[in-house]
Amino acid sequence: MRALVLLFALSSPALADVPQVQTDIPPVAALVAQVMGDLGTPGVLLDKGGDEHDMQLRPSQMRALTDAQLLVWVGPELTPGLDTARQSVRDLQSLALLDDPATLRLPYTDGSSNPHAWLDPTNASLWIGVIAQRLSALDPAHAATYAANAAAAQTQIAALDSDLASQLAGLTQSFVTYHDAYGYFTAHYHLPSAGGLAAGDAAPPGAARLSALRAQAEKGQIACAFPEAQHDPALITNLAQGTAVFVGPPLDPVGSTLDPDRHAYAKLMTALTHSLLTCANKP
Ligand SMILES: [Zn+2]
């Protein structure tokens, strides 16, 4: 009899609750929030203004991770600190989006693997489906809701993508950015990027790279340079000094200044577009 009661308890709706989900960065939180809709709200672990490449979890964030059933994140290449933390949490499922075999992958200019893959909306749309599948496996009772929310979110991303593509068609000037995060965005929208000051991830740029870019700037081969929200703008300012290079507003490729709600992905992509367009419309 006791075994029967236990069996019944295991299949009862109480155990089919909506999973608690944690995410790494605001654009990923936004994709999860769109799929969950009114069923739940994912947490986000990156601090406001934080640098994704050296994320370290505080005790309160470790507790949030311990309470979660699922971590949805880009993967260890973006946030090695989170990789170490999540391996110490028992029974935490992990969905590393870069691991999905259909994800479009691009290298940094130096040839190593670039993890900033959310900046291509094709990947964001793919990942929405991947997230819905994993949530449905954990919570089959709500599978129809996850699928419907995912389809609606993919329709919104397609509309955003064509809107941004038509705006960015006017950007033909060559520009540099602080870190080399934007390859996915510039490839998708066919933009003439001259790359980042830092050739790989957020490590400081080397002297050889800086003097090569400085030479290009002096020859007028670079129209604009963009600093970044999380980094000192001095290197960008120095590159432009005494040349015709226009210094644009700071970019925020990871959305570290945004509220991590369901609108954060569209806000990030729209803000990036508007900032880059200052290069085409500069005074
Ligand atoms: Zn980055």
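User: How many salt bridges does a search of the whole structure find?

Analyst: The search finds 6 salt bridges, a salt bridge being a side-chain nitrogen of Lys or Arg within 4 Å of a carboxyl oxygen of Asp or Glu. The model is a predicted one, in which local features need pLDDT of at least 70 and side-chain atom pairs count only at pLDDT 80 or more, while totals for chains, interfaces and linings use all residues. Residues are numbered from 1 along each chain as its sequence is written, and side-chain values use heavy atoms, with hydrogens and water left out.

User: What makes the pair of aspartate 47 and arginine 58 a salt bridge?

Analyst: The side chains of aspartate 47 and arginine 58 meet at 2.8 Å, N to O, which lies within the 4 Å limit, so the pair qualifies. The two residues are 11 apart, and both aspartate 47 and arginine 58 lie in the loop between β2 (43–44) and α3 (59–67); helices (H or I, at least four residues) and strands (E, at least two) are DSSP runs numbered from the N terminus.

User: Why are aspartate 47 and arginine 58 called partly exposed?

Analyst: Buried means under 20% relative accessible area and exposed over 50%, with partly exposed in between (1.4 Å probe, protein chains only). Aspartate 47 has a relative accessibility of 33% and arginine 58 one of 39%, so both values fall in the partly exposed range.

User: What separates aspartate 83 from arginine 86 in terms of relative accessible area?

Analyst: Aspartate 83 has 15%, so it is buried, whereas arginine 86 has 23% and is therefore partly exposed. Their side chains meet in a salt bridge at 3.0 Å, N to O, and both residues lie in helix α4, 3 residues apart, about one turn of the helix.

User: Which residues coordinate the zinc ion?

Analyst: The zinc ion is coordinated by Glu52 (OE), His53 (NE2), His116 (NE2) and His179 (NE2), at 1.9 to 2.2 Å. These atoms qualify as donors because donors are N, O and S atoms within 2.8 Å of the metal (3.2 Å for Na, K and Ca), and water is not among the atoms, so sites may look incomplete.

User: Why is the arrangement around the zinc ion called tetrahedral?

Analyst: Four donors count as tetrahedral if all angles lie between 85 and 135 degrees. The 4 donor atoms subtend angles of 94 to 129°, so the arrangement is tetrahedral. For comparison, ideal angles for four tetrahedral donors are 109.5 degrees.

User: What spacing do the donors of the zinc ion follow along the chain?

Analyst: The donors follow E-H-x62-H-x62-H. Histidine 116 lies in the loop between β6 (113–114) and α5 (121–138) and histidine 179 in strand β7 (residues 175–179), so this pair ties together parts that are 63 residues apart in sequence. Histidine 116, at 0%, and histidine 179, at 1%, are both buried.

User: How do you know that threonine 23 is buried, and what does its side chain reach?

Analyst: Threonine 23, in strand β1 (residues 21–23), has 0% relative accessibility and so counts as buried. The side chain of threonine 23 reaches the backbone oxygen of glycine 43 at 2.7 Å.

User: What is the phi of aspartate 91, and of histidine 190?

Analyst: Aspartate 91 has a positive phi of about 65° although it is not a glycine, and histidine 190 likewise has a positive phi, of about 55°. Most residues other than glycine have a negative phi. Aspartate 91 lies in the loop between α4 and β4, and histidine 190 in the loop between α7 (183–188) and β8 (193–198). Aspartate 91, at 67%, and histidine 190, at 69%, both count as exposed.

Methods
Four donors count as tetrahedral if all angles lie between 85 and 135 degrees; four count as square planar and six as octahedral if opposite donors are over 155 degrees apart and all others between 65 and 115; anything else is irregular. A polar contact is a pair of N or O atoms within 3.5 Å; within protein, one must be able to donate a hydrogen and the other to accept it, and residues adjacent in sequence count only if both atoms are side-chain atoms.
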